[in-house]
Amino acid sequence: MDLRQLTTIAAISIFTASGAFATKVACVGNSITFGYGLNWDEKTYPQNLQIMLGDDFEVGNFGHSGMMFHKKSNESYWTSPKFKEAYEFQPDIVVIELGTNDSKYFHDGAGSSTGYNYYAYDSKGYSRADLLDEMKKDYEALIDTFAHQPQAPTIYATLQPYANNWDWFITDSVIVNVINPLIKEVATNKGVQLIDLHESFNKPEWLLDDNVHPNANGAYELAAIIAKSIRPASGNETPANSSNSADISSSSSANNVSDNEETGILHETTALKTYTGDVSIFDLNGNYIKKVYANGSLDIKIGHKGTFIVKAGRNTQKIILK
């Protein structure tokens, strides 16, 4: 994440109860995002992601079961009401988790209980090459549709996780050899960020018995992978609305400040002089460092000197820690 993208995150549009503006995250996807197979009292990955990112973020679940990114599919995400809802959400960050169902085109159907693949590209009048070319253009268009919104969101494309269910015409070999290379090629060409779920979301015990959908533990682990990509230093940290007394110490006077090369102290920046609420600290590359709770003037221990970005409410400020 560069400084321009950090500024985008600071160009916030939802005011939360905590007094901070929220960065909106749209989770675009299929049944893996939707939370297919989870019980009512089990959290989906977007619900877990909301907890992990905290009150500075508003996470929306725009998953729709069975959807493909291929426009001409009878199960196309482009015709789903969730696509319109995701667009109108005006997200600052978009996570695209689509492609598992697109793999159905390339399954021969021989191993399924029906022995026939309704989705097969040749039954639709396509050559394999023509279909792949069209699918690439559709994935590019999906990225562009969000990228060209006025708020210019940061976009993450995900390589699809392991999935293998022959009765649903889903095979992991197709995901690995056809779908994920397509997604990676498009994402690279478009310059959007890539999350490799196939590499990271890799434990069988995280899946339901259908070998496709995350169980409750899997939904948590999936959210942790994505949270770490959005805020690299945070992972699955304590939710943002809780303060950590080890991170901050009150100060009433500038005389309390000492320059310390081992523990740099950020003291009374403009952003903090009258601000009460969550304060986020980033490095100049936009990498998240930590979050603390401000109640007026504070000393914040960073751990090393350097130049940082402080985001406090609407105020985004560069500061130098000596």
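1. The secondary structure of the protein chain comes to eight helices and 13 strands. Helices here are DSSP runs of H or I with at least four residues, strands are runs of E with at least two, and both are numbered from the N terminus. This is a predicted model, in which local features need pLDDT of at least 70, side-chain atom pairs count only at pLDDT 80 or more, and totals for chains, interfaces and linings use all residues. Residues are numbered from 1 along each chain as its sequence is written, and side-chain values use heavy atoms, with hydrogens and water left out.

2. Let's take the whole chain before the details. Of the 322 residues in the protein chain, 52% are buried. Buried means under 20% relative accessible area, exposed means over 50%, and partly exposed is in between, for a 1.4 Å probe and protein chains only. Among the contacts in the protein chain with a separation of 6 or more, 70% are between residues 24 or more positions apart. A contact means heavy atoms within 4.5 Å.

3. Now look at helix H4 (residues 81-88) and helix H5 (residues 128-147). Their axes are 10 Å apart, and the two helices pack at an angle of about 35°. The axes are lines fitted to C-alpha atoms, for helices over the stretch in contact, and the angles run from 0 to 180 degrees between N-to-C directions. On the H4 side you will find Phe83, Ala86 and Tyr87, which meet Leu142, Thr145 and Phe146 in H5. These contact residues divide into five nonpolar, one polar and no charged. In this count Ala, Val, Leu, Ile, Met, Phe, Trp, Tyr, Cys and Pro are nonpolar, Asp, Glu, Lys and Arg are charged, and the others, Gly among them, are polar.

4. H5 also has a contact with helix H6 (residues 172-190): the two axes come within 10 Å and cross at roughly 45°. That makes H5 oblique to H6; angles under 35 degrees count as roughly parallel, over 145 as roughly antiparallel, 65 to 115 as roughly perpendicular and the rest as oblique. H5 contributes Arg128, Leu132, Met135, Lys136, Tyr139, Glu140, Ile143 and Asp144, while H6 contributes Val178, Ile179, Leu182, Ile183, Glu185, Val186 and Lys190. Here the residues divide into nine nonpolar, no polar and six charged.

5. How many salt bridges does the structure hold? There are five, a salt bridge being a side-chain nitrogen of Lys or Arg within 4 Å of a carboxyl oxygen of Asp or Glu. Two of them join H5 and H6. Glutamate 185 in H6 and lysine 136 in H5 are 49 residues apart in the chain, yet their closest N and O atoms are 3.1 Å apart. Glutamate 185 is partly exposed at 36% relative accessibility, and lysine 136 is partly exposed with 26%. Lysine 190 and aspartate 144 meet in a salt bridge of 3.0 Å, N to O. Lysine 190 lies in H6 and aspartate 144 in H5, so this pair ties together parts that are 46 residues apart in sequence.

6. The side chains of lysine 82 and glutamate 85 meet at 3.4 Å, N to O. Why are these two separated by about one helical turn? Because they are three residues apart in helix H4. Lysine 82 is partly exposed, with a relative accessible area of 25%, and glutamate 85 is partly exposed at 35%.

7. Next, find histidine 70 in the loop between strand E3 (57-63) and H4. Is histidine 70 buried or exposed? It is buried, with a relative accessible area of 1%. Leaving aside residues up to four places away in sequence, histidine 70 touches Ser76, Trp78, Asp102, Tyr105, Tyr126, Leu131, Glu134, Met135 and Asp138. Histidine 70 and methionine 135 are 65 residues apart in sequence, but their C-alpha atoms are 5.4 Å apart in space.

8. Finally, please check two backbone angles. Most residues other than glycine have a negative phi. Glutamine 90, which is not a glycine, has a positive phi of about 50°; it lies in the loop between H4 and strand E4 (93-97) and is partly exposed, with a relative accessible area of 45%. Phenylalanine 169 has a positive phi near 65°. Phenylalanine 169 is in the loop between strand E5 and H6 and is buried, with a relative accessible area of 8%.
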